[in-house]
Amino acid sequence: MADNLRDPLGKMESEALAAESLQTDQALRILVIDEDPARRAILEAGLREAGFANVTLVTKTTGLIEQVYAIDPEIIIIDLENPSRDVLEQMFQMSRAVKRPIAMFVDQSDRSTIEAAIDAGVSAYIVDGLKKERVKPILDMTIARFRAFDALKAELESAKVALKERKIIDRAKALLMKSRGLSEEDAYALLRRAAMNQNKRMGEVAESLISAYELLKE
Amino acid sequence: MPDDTEDGGLPIIHAGFIPLVDCAPLVVAARKGFDTEQGFSLRLHKEASWANIRDKLEMGIFDCAHLLAPMAIASTLGLGRPPTPVIAPMALNLNGNVIVVSEELFAEMHAADPADTDAGGMRAAWALARVVTARRAAGAIPLTLGMVYPFSCHNYDMRCWLASAGIDPDNDVNLVVIPPPLIADSLAEGRIDGFCVGAPWGRISVEAGQGRIIAAKNHLWPNSPEKVLGVREDWAAKKPDLLIALVCALLKAAAWLEDRGNFVEAAHLLAEPRHIGVAEPMLYDALAGNLVRAKGEAARPNPDFLVFSRYAANFPWLSHAEWMVRQMERWRQIEPDMDPALVARQVYRPDIFRLAAARLGLSAPLSDSKDETLAGPSDIPGSLGPIRLGGGLPFGVPGK
């Protein structure tokens, strides 16, 4: 995890390999639809580093179909939290309204890539006829970046929780010191022992101590 | 990823749902203990799009899902993608959608044809047809109307409604997919002039002063199909007992939702952010059939606005599935070389429904199809006595 924090995007081997094979494909028109600005930036940076000059980011999803037609992308990358996925599904239709048929993933037999993408929280739509070899490296990098972003978010979340717990423990410690005349060290030891005996986290014990104190105070 | 890990000794079933009032049978089954009563634990997963629901169901991340009825057919046929057989052993509800038009379009319709606009329902399509004709004559841009997904009853209902008044849904208007969370912005920006959507989203736009409800689904086709329980065929074959238990739990949840005395609690459960996350009164009105058509207007009673259990609402009628296949053909989503009866039988599974009904001691219809042209209520024979159906003509045009 610590490695992730220092280098959250991890220059993974697969990504480096992917970048190499991408050199010939710089003209591919790629559309990224993601409402999370941080994740969008991470993905865009990856695509640009890999040499793709034709990356368009969509931030506003009203009027999405018009934007798709104007950009005429060969690959669309969209996050799974985005309700606009259903708008793209219109493009599967036989209807005359569709200019260019779009299929989901170039090769449906590549189930593991599809599973990995869904697991990472992303989906891709590929224009019909585009070769699997051209798309796979882009998908692999997208999946890697989505995962790295998730790991980063989880790190931040747990750091936030840890900070909150420390504050609660400090408060409980202060209460114990005041009400039982303990030293800071003894108050801490008492909390720790209680947590071990109850098989709970110190933060939880501290929290119940504080709420019990609030109740008794009234 | 789902597995067979047990939850307190019970097998777990993972279900995907979209935040709409008709996901209620799943929420009620999980929260009121109808799942554990039937010997399993139901885990609900809220999703942002129907495409996610389909992918996760097809991939096996979900065991079952709250599904637009035509999606089960589209997955099985592999429309636009490789086929994954999905079956519908029961329906989750009947009715429950509305057609809303923007305040501007409403004013235009009202000016062109006040009587039909005020009457609403099927007649409102005639008022819309006048607007469409006038716009075409004036060289104005065609109207844009939204629905939620290409393979949905919203799409087919909207198309049939338009066509009933002579409007060609493919050429006279621009029909687009609009996800419910984008409705408000799209209306405000004038990107859409109206839409068809499930409760509570129509009411939300009414309360925002953006739109007016001009028809409820049961005004277009009373007691018409909407959502089903979708299950992968291979999962059903692998876990037949668990499937029956699932259908039993959902049938009991649906029956619980019929009881007026439970509406307050149901609205409370659905209002939780992890379920729908919308104010309770709007959810209560959807359950109770209180239809508020315009902001500030008194609610009109529409008791069949959303039907969860009565009228054999949960029975997977082959005649419903056949209608959907014919709609796919009519609107060129499939080539006209399918046998609707064959497709319907593959996807809709009344045989499974009957096994579950028998276990619960409920009367199940003896026939797999029903006459979809009966205007009024009727009694049909059932396994344990006659069953009352609501009836209703599909897109019957009164008057004109």
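These legends accompany close-up views of a predicted model.

Figure 1. For chain B, the average pLDDT is 95, and 97% of its residues score at least 70. A word of caution applies to any such view: where pLDDT is low, the predicted coordinates should not be read in detail.

**Figure 2. Chain A meets chain B.** On one side of the interface are 24 residues of chain A, in contact with 28 residues of chain B. Three elements of chain A each give two or more residues to the side that touches chain B: helix α5 (85-89), strand β4 (102-104) and helix α6 (111-120). If you are looking for the element that gives the most, go to α5(A), with four residues. The chain A side divides into nine nonpolar, nine polar and six charged residues.

**Figure 3. Two helices of chain B, α4 and α16, cross.** Helix α4(B) covers residues 69-77 and helix α16(B) covers residues 318-330. Their axes come within 10 Å and cross at roughly 65°, which makes α4(B) roughly perpendicular to α16(B). The crossing is right-handed. To find the contact, look for A69(B), P70(B) and I73(B) on α4(B), and for H320(B), A321(B), M324(B) and V325(B) on α16(B). Six of these contact residues are nonpolar and one is polar, with no charged residue among them. A handy reminder when tracing such a face: an α-helix has 3.6 residues a turn, so residues three or four places apart point the same way.

**Figure 4. Helix α7 of chain A is shown from end to end.** How far apart are the end C-alpha atoms of α7(A)? They are 70 Å apart, and this agrees with the 72 Å that the 49 residues of the helix (132-180) should span at 1.5 Å a residue.

Figure 5. As background, most residues other than glycine have a negative phi, and most peptide bonds are trans. In chain A, N199(A) has a positive phi near 55° although the residue is not a glycine. You will find N199(A) in the loop between α8 (184-198) and α9 (202-217) of chain A. In chain B, the peptide bond joining A199(B) and P200(B) is cis, with omega about 10°. P200(B) lies in the loop that runs between strand β10 (194-198) and helix α10 (201-207) of chain B.

How values were computed. Residues numbered from 1 in each chain as written. Chains lettered and ligands numbered in written order. Predicted model: local features only at pLDDT ≥ 70, side-chain atom pairs only at ≥ 80, totals over all residues. pLDDT = per-residue confidence, 0-100. Axes fitted to C-alpha atoms, helices over the stretch in contact; angles between N-to-C directions. Parallel < 35°, antiparallel > 145°, perpendicular 65-115°, else oblique. Left-handed = near helix turned anticlockwise from the far one by under 90°. Contact = placed C-beta atoms within 7 Å. Nonpolar A, V, L, I, M, F, W, Y, C, P; charged D, E, K, R; others polar. Expected span 1.5 Å × (residues − 1).
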